[in-house]
Structures are given as C-alpha cells and as structure tokens.
Amino acid sequence: MKPLVVLGDTLLDVDAEGTAERLCPEAPVPVVDLTARRRRPGGAGLAALLAARSAAEVVLVTPLGADEGGHALTGLLEPDVTVLPLPQRGTTVCKTRVRAGGQSLLRLDSGDGTATTDPLPARVHEVLEDAGAILVADYGRGLTRHSDVRRLLRELAERIPIVWDPHPRGAQPVPGTRLVTPNLAEARAVLAGHDEPAELAKLLRGHWHADAVAVTVGSRGAVLADGLGETTVPVPVAARTPGHTAPDTCGAGDRFAAAATAALLGGADTTEAVVTAVEAAARFVAAGGATALSTDDGPVPDPQPATDAFGLAERIRETGGRLIATGGCFDLLHPGHVSLLRQARALGDALVVCLNSDASVRGLKGPGRPLVRDRDRARLLTALSFVDAVAVFDEPSPTAVLEKLRPDVWVKGGDYADADLPEREVVERHGGEVVLVPTVPGYSTSRLVAAAASA
C-alpha cells in the first residue's frame, strides 16, 4: 500500500502539569506547583503521529526550524513517522498549557515560525506524487498558501483522496478535495450568519468546490454533506466519555482527520471514512486525548508496571474499543520489530506488548540472553507511540497474561504461519482472533547476535 502523507505546519506542544491549592498573595490567581513537564508534536506533527496508528507508513512534509524546538520535534516524531523537513522562517512555535487537576488554566504561545516561499525540493514532489492519500493539516503558518503546494495538490486531487483540515488563518482547500473537516466554530467563521451544522456543511461544499464536507460537532459526532445529501454521524454510545470525566479534547480534530484519511487510503468511501473517524476521535478523547502521547521532558521514567496494561485493557473494553496484543523478547529492537508493532497497532485502538522477562528469555534462548534487561526493553517499547502498554511475564509463553488481557486480536509475524501457537486457544476462547502480519525479511535478533559475534 502506498504511504499516507501529512502536509502541514508542525508545532511543539507542552503541558506543564501541577497542583493548585493556594492563591498568589499579590493577586487572586492560583499558584501552580509544577510536578511534570511533558512535550509532544502538535499541529501536523500530532496528526502524523495519530495517522501512524491507522496506516502502515506515514510521511510528514512540514517546515521545521534549525532551533532546539525543531530538533526536539524530529526526535519526538521518529521512528514512528518519516519526516521530510522544509525550510522555515523564524523560530519553532511552542504552545504551553499550564494545567492543574486535569484542567487547563492558561496557555502561553511563543515562536513565529512560518513557511518560506522557496520552491519545493524535488524529493517533496516525489513523495506527494507517490502518496496513496494526503492529509493537509493546516495551522495557518503559510504552507497551504505556497504556490507550488497548491498547484501540486490541485493536480493530485484528481486521482487520490485528499483530506483537508482547515484553519481560520489558512488557505482555502483546493478544488476537488475529497473531504474537508472543519469544526463547527471554524465553519461558522467561514460563512457568517449560518449556524446549523447541516446547512453549513452543504453550503461549504459548494463554497470550497469540495467533494464532501464533514462539520464536526464535538460529542455529537459530525454532519457530512456530499453528493448524496446531508448525513448526521453520531458518536457511538460505547465510545462516549463517561459523564463524570472532564474530557481533554486537545487533538480530537487531528484524530478525526487522520482516521478519515487512513480509511480513504484503505478503500473506504466518504461516508464510511467519516463513521470511522467519529468513532476514532471519540475513543481518543475517552482514552485521555493528546496528553497520552506526551513524553516527559526530563529523565526517562521507569516503565509502568504490568498492571497498567490490564487497566488499559479494561478501559478499552469499557469504551467499546478494539484491544490488540502481541508478544516476544524484543531483545535488540530492529526494523522487523518496528514493522510488526506498527502493523499490529493499525488493527485497533490500543496495543499491549507481552514481553518475556529476563528469566523467561534465559529459559528460551540460553544463559547468554537477554542482551538487554527487561526493564530497559520495556522502556524502549513504551517510547514508541504505537505501543500503549507493556506487560512483562516470566513464563515460557504468554498464555497466563493473555488470560487476564483478553485481547480482541493477537498478532504474530507471518513466519509463524505453520506454527502451533499455544496462545491461540486462550485468545479464541475469550472471543479474540489470531492475525499474522508480513515480516521484514532478513531481520532476527539471533541472526544479529551471531553476526556481531563473528565480526
């Protein structure tokens, strides 16, 4: 399958988390005692990370600065996303949310980075022309006004699906865009005097000369207007955020647009893509929103205990999601592992890796293994955005941990096609299925260890 390409403006999002239990003596404002500072890609970068949950290969074309913020974004995006940087004028835009008790108190914006007017490099032309689908994540920093970008997108819209997530300060979608995805406030800003989502979707479809427009309406889902009329797509009950929880909706629009693009890439029609996107965005918010993708800005924390994997499994089931699990030693993380994990995560809403403990690996591989202790192997795995949790087990096989996880899908590499998997009975007894995914030829930890020993 051809890659999903995300084109747009990438920002650096920071969450400064703390507690607020007193007022400042100089003014009646809360004093926040910071307990953590977390960073993640924002804008098109977040959209690309989220697209990597649903598509096997994602390429991000985006302006990036040569400053600390730009370097940080590259590190946060790779290896989950292939980054193709464009030159940027100014400094990296950083948006810092100050939060306490799960609530945002203040946002501080800095940086003035914008896209340059330089001609697009030949490599960017090649990547866009080879795309299976394109998501334009417009954050109003100038890239969608670039003449080369617009000319190329107009040509590509005639043969591949383009999804356009608009911004009030951005450019209009190019004619022929398959799907435009404004939220209700953005739609009303374009067509002042019109309030109803169905009316806005219909009028904006003509205004933008788009094949379809889906106006997202928060917890109510979306309203789609296409050549067949207007369709309301509600949020499934199972995917709604519990009423006692204050949802963090940051990134919900990016999740919607990314899921819709991935669905179109996979051959879905527009209505099917919007239904998929509504479900994905609702589950994303229910699971904690963009905050769950953040990386601690400081020493890498110890991996979460295995019980967190089981707690995640319960939350996914409660929201009607699809839990994916896979397992192995993952002693030396290599491209074959990354490919398997990425494909596994694309099959559902959360991925748990069942990891052989040091004792388990020694029993299977001999006294010389593992080369990397389980604590550090788990740390490496959880650093990948498409791994949601790790459960370490001591037994020779993961059957005991699967009894507790009860995944909907158990993923193994295609090289196990003829193997008698002991975990198959456990998975299928709980209503799950075993899925084999293609492997990257030429990679195995044992082969790498042998090659290093003979070098």
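Predicted model: local features only at pLDDT ≥ 70, side-chain atom pairs only at ≥ 80, totals over all residues.
# Strands, a sheet and helix faces

Student: How many residues of strand β7 (residues 94–100) are buried?
Tutor: A strand here is a DSSP run of E with at least two residues, a helix is a run of H or I with at least four, and both are numbered from the N terminus. Buried means under 20% relative accessible area, exposed means over 50%, and partly exposed lies in between (1.4 Å probe, protein chains only). β7 is largely enclosed by the rest of the structure, because its buried residues number seven of the seven.

Student: What kind of model is this?
Tutor: Residues are numbered from 1 along each chain as its sequence is written.

Student: Do β7 and strand β8 (residues 103–110) run parallel or antiparallel?
Tutor: Two strands pair if DSSP finds at least two bridges between them. β7 and β8 form a hairpin with two residues between them, and Gly101 in the turn has a positive phi of about 60°. Ala100 stands opposite Gln103 in β8. Seven bridges join β7 to β8, and the direction is antiparallel.

Student: In β7, what is the bridge partner of Asp13?
Tutor: Strand β2 (residues 10–23) is joined to β7 by seven bridges, and the two run parallel. Within that pairing, Glu17 stands opposite Arg99 in β7. The partner of Asp13 in β7 is Lys95.

Student: How many bridges join β2 to strand β3 (residues 30–43)?
Tutor: β2 and β3 form a hairpin with six residues between them. In β3, Asp13 has Arg40 as its bridge partner. The two strands run antiparallel, and the number of bridges is 13.

Student: Which strands stand at the edges of the open sheet of five strands?
Tutor: The order of this sheet is β19-β18-β17-β20-β21, with parallel pairing. A strand at the edge has a single partner strand, so one side of it is left without a neighbour in the sheet; this holds for β19 and β21 (433–437).

Student: Which residue in β20 does Ala325 stand opposite?
Tutor: Strand β17 (residues 323–328) pairs with strand β20 (residues 409–413) in the parallel sense over three bridges. In β20, the residue opposite Ala325 is Trp410.

Student: Within what arc do the buried residues of α12 fall?
Tutor: The buried residues of α12 are Asp374, Arg377, Ala378 and Leu381. The arc is that of the directions from the helix axis to the C-beta atoms. Seen down the axis of α12, these residues line one face of the helix, because they fall within an arc of 100°.

Student: What is the relative accessibility of Arg377?
Tutor: Arg377 is in helix α12. Contact means heavy atoms within 4.5 Å, and Arg377 touches residues including Phe330, Asp331, Leu355 and Asp358, not counting those up to four places away in sequence. Arg377 counts as buried because its relative accessibility is 1%.

Student: Which elements do the buried residues of α11 pack against?
Tutor: Helix α11 (residues 358–365) has the buried residues Asp358, Ser360 and Val361. Seen down the axis of α11, they fall within an arc of 160°, so they line one face of the helix. They pack against β18 (350–356), α12 (374–382) and β19 (389–393).

Student: At roughly what angle do the axes of helix α7 (residues 252–265) and helix α8 (residues 270–286) cross?
Tutor: Axes are lines fitted to C-alpha atoms, for helices over the stretch in contact, and angles run from 0 to 180 degrees between N-to-C directions. The axes of α7 and α8 come within 8 Å, and they cross at roughly 145°.

Note on methods:
Heavy atoms only, no water.
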